[in-house]
Amino acid sequence: MLRARFRTLTYTAMLSCLLSAAVIFPTSSSAQGTVQTQSRTIAHNGKSFTVQWVTVDLTDPYLRVKPVTAEDGIGHDEPFSSMLTRNHAIAGINGTFFDAYEKNDTQRYPNGLLIGSGEIMHSGINPAFLIHADKTASLQRIQTEHQISVTHQSKAYTFTAWGVNKYYGDSVSDQVVWYTRAFGRTIDFPNSTKVVLREGKVTAVTTLSVDIPEDGLVFLLGNSANNKTYVLPNIHIGDTVKLTSSLHNQDTGASSMLTAVDAAIGAGPHLLTNGAVDLDFERDGFTDPKITTSANVRSFIGLDASHQFVMGTLSAATMADMAQVLLKLGLTDAMNMDGGASSSLYANGSMLRSPGRALSNALVIERLDHPQIQLEVNGQFVHEFRGYLLQETSMVPFRGILERIGATFEWNGTTRTLTVHHGSTSLELQPDHSVMTVNGQSVILPEAPTILDGHIYMPLRAIIESLGGQIQWDPQLYRASLRF
């Protein structure tokens with residue numbers, strides 16, 4: 001995605017005719033209109049507490065909230081300032097708890113749930129803060145659930161994975177875990193079999209160290225008698241594999257797919273729910289006195305009465321005191337984050353609180369070059385890719401679209417030509433060329449396709465209509481819904 005080299009003051013003037021008409025954006029040098037910083041001292045229980053907080057308008061299409069991990073992957077740590085710079089953040093706060101005192105600097109694993117772009121970066125069972133695809137947010141008690149289905153010669157075998165990007169130790173022989181590039185580059189855990197997947201198919205089954213492919217993942221099977229007897233015999237080179245994750249709400253018992261969630265982070269305990277104190281250590285799984293009774297510097301995230309996202313830090317307080325202070329501050333829903341030496345807060349170029357150590361993860365608000373455009377294809381939300389507005393044209397990465405409509409496509413690296421087939425229509429396009437061919441006829445594009453972050457971005461309306469699709473625009477969500 002292009003980064004922040006120009007700014008805008010407002011974005012609400014976008015018209016529903018965005019996809020076909022010119023749009024004029026007033027220019028500005030900052031985004032502080034939708035990222036606001038405040039500080040206040042609040043008295044409670046005979047004490048004074050200093051609160052610094054940042055409010056973020058989740059509907060701003062120039063902003064995206066996302067959890068991030070250390071550059072070297074899960075288990076490592078990184079200076080908070082480096083995380084912010086690397087992710088082009090306009091604001092950020094420290095994330096969930098992690099093994100900060102682990103001497104091995106490759107095993108400082110996070111403890112909580114992390115979801116980014118609709119994909120689980122780290123599984124967990126936590127009170128969690130969720131950013132939904134419709135740009136609203138909520139606090140829920142969440143447990144992630146994971147299934148692996150392997151199909152061999154039209155026969156499917158399904159089994160349960162324990163988690164994503166976790167490791168339960170060398171001695172836990174029955175574990176089943178899958179790993180993505182968020183974990184790092186290599187899986188070399190002993191006493192296990194690694195199954196390598198690329199583009200949904202098994203390409204290797206080995207007990208040796210393996211690299212996690214960029215276009216796939218690895219799932220690990222501990223060498224237990226159960227896994228050797230029942231699971232491994234059902235896995236073969238060339239088999240098709242489907243991985244499915246869902247979120248289980250521990251309060252309501254309801255399960256939901258990841259498609260409705262854009263980002264999430266789990267920590268806890270809960271502090272406020274619907275404008276009332278909601279603190280229950282036993283329910284939320286906390287027994288450590290550092291959490292239950294001690295006073296310390298704290299970090300929190302939540303929502304205020306206007307449903308704006310709020311994140312901040314608080315001078316030394318117990319959880320009970322913090323809940324009351326945040327209630328007085330005007331928050332309606334809130335959750336504790338990692339605290340103490342991890343507490344950190346940044347916004348609009350200022351480090352409001354510096355952490356006392358490197359962090360394994362953080363929650364950041366990324367500032368984008370251009371308004372991001374959500375995509376939905378035949379009712380299916382496209383999490384893995386976002387488009388952006390370039391001058392008057394919506395530019396979108398087409399792989400996620402083409403895969404969902406069943407189109408076939410080929411890339412010729414020699415001629416730098418993308419060929420797309422859908423029904424009776426064939427398209428040919430080239431990056432940096434503003435003319436495409438549709439069934440052999442030349443068509444002029446409003447903007448030339450371009451390659452960003454390894455993906456080809458193309459003008460939305462011209463391509464979709466050439467393939468026989470229809471476009472519906474939602475100006476509140478900045479979402480293009482495509483129907484075929």
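In what order do the five strands of the open sheet with antiparallel pairing lie? The order is β5-β29-β6-β27-β28. The model described here is predicted.

- Asparagine 94 has alanine 362 of β29 as its bridge partner.

**Strand β40 and its partners**

- Strand β40 (residues 455-459) is largely enclosed by the rest of the structure, because four of its five residues are buried.
- Strand β33 (residues 393-397) runs antiparallel to β40 and is joined to β40 by three bridges.
- In this pairing, methionine 395 has proline 459 of β40 as its bridge partner.
- Strand β39 (residues 450-452) also pairs with β40, in the antiparallel sense and over three bridges.
- Here threonine 450 stands opposite tyrosine 457 of β40.
- β39 and β40 make up a hairpin with two residues between them, and aspartate 453 in the turn has a positive phi of about 50°.

**Cavities**

- Three cavities of 30 Å³ or more are found in the structure, and the largest cavity holds about 120 Å³ of space.
- The residues that line the largest cavity include Leu58, Val65, Ile131, His132, Asp262, Gln372 and Arg386.
- Two or more lining residues come from each of β5 (63-69), β9 (125-132) and β30 (372-377).
- β5, with three residues, gives the most to this lining.
- By class, the lining of the largest cavity comprises five nonpolar, three polar and four charged residues.

**The second largest pocket**

- The second largest pocket has a volume of about 590 Å³.
- Of the 26 residues that line this pocket, Phe97, Phe98, Asp288, Ile291 and Asp338 lie nearest its centre.
- The elements that give two or more residues to its lining are β9, α4 (289-292) and β24 (296-304).
- This lining has 12 nonpolar, eight polar and six charged residues.

**Aromatic pairs**

- The structure holds 12 aromatic pairs.
- Tyrosine 109 and phenylalanine 183 form a stacked pair, at 6.3 Å centre to centre and with 25° between the planes.
- Tyrosine 109 lies in the loop between β6 and β7 (114-116), and phenylalanine 183 in the loop between β13 (176-179) and β14 (186-187), so this pair ties together parts that are 74 residues apart in sequence.
- Tyrosine 109 counts as buried because its relative accessibility is 14%, under the limit of 20%; phenylalanine 183 counts as buried at 7%.
- Tyrosine 167 and phenylalanine 189 form another stacked pair, with 3.6 Å centre to centre and 10° between the planes.
- Tyrosine 167 lies in the loop between β12 (163-164) and β13, and phenylalanine 189 in the loop between β14 and β15 (192-198), so the pair ties together parts that are 22 residues apart in sequence.
- Tyrosine 167 is buried at a relative accessible area of 16%, and phenylalanine 189 is buried at 11%.
- Ring pairs link Tyr109, Tyr167, Tyr179, Phe183 and Phe189 into a cluster.

Conventions
Residues are numbered from 1 along each chain as its sequence is written. This is a predicted model: local features need pLDDT of at least 70, side-chain atom pairs count only at pLDDT 80 or more; totals for chains, interfaces and linings use all residues. Side-chain values use heavy atoms; hydrogens and water are left out. On a 1 Å grid over the protein atoms alone, a cavity is a set of points where a 1.4 Å probe fits but cannot get out, and a pocket is an open set with protein on both sides within 12 Å along at least five of seven lines; lining residues have an atom within 4 Å of a point. Grid points are joined across faces, edges and corners, and a volume is the space filled by probe spheres set on the points. Ala, Val, Leu, Ile, Met, Phe, Trp, Tyr, Cys and Pro count as nonpolar, Asp, Glu, Lys and Arg as charged, and the others, Gly among them, as polar. Two strands pair if DSSP finds at least two bridges between them. Buried means under 20% relative accessible area, exposed over 50%, partly exposed in between (1.4 Å probe, protein chains only). Rings of Phe, Tyr and Trp (its six-membered ring) pair if their centres lie within 6.5 Å; planes under 30 degrees apart count as stacked, over 60 as edge-to-face and the rest as tilted.
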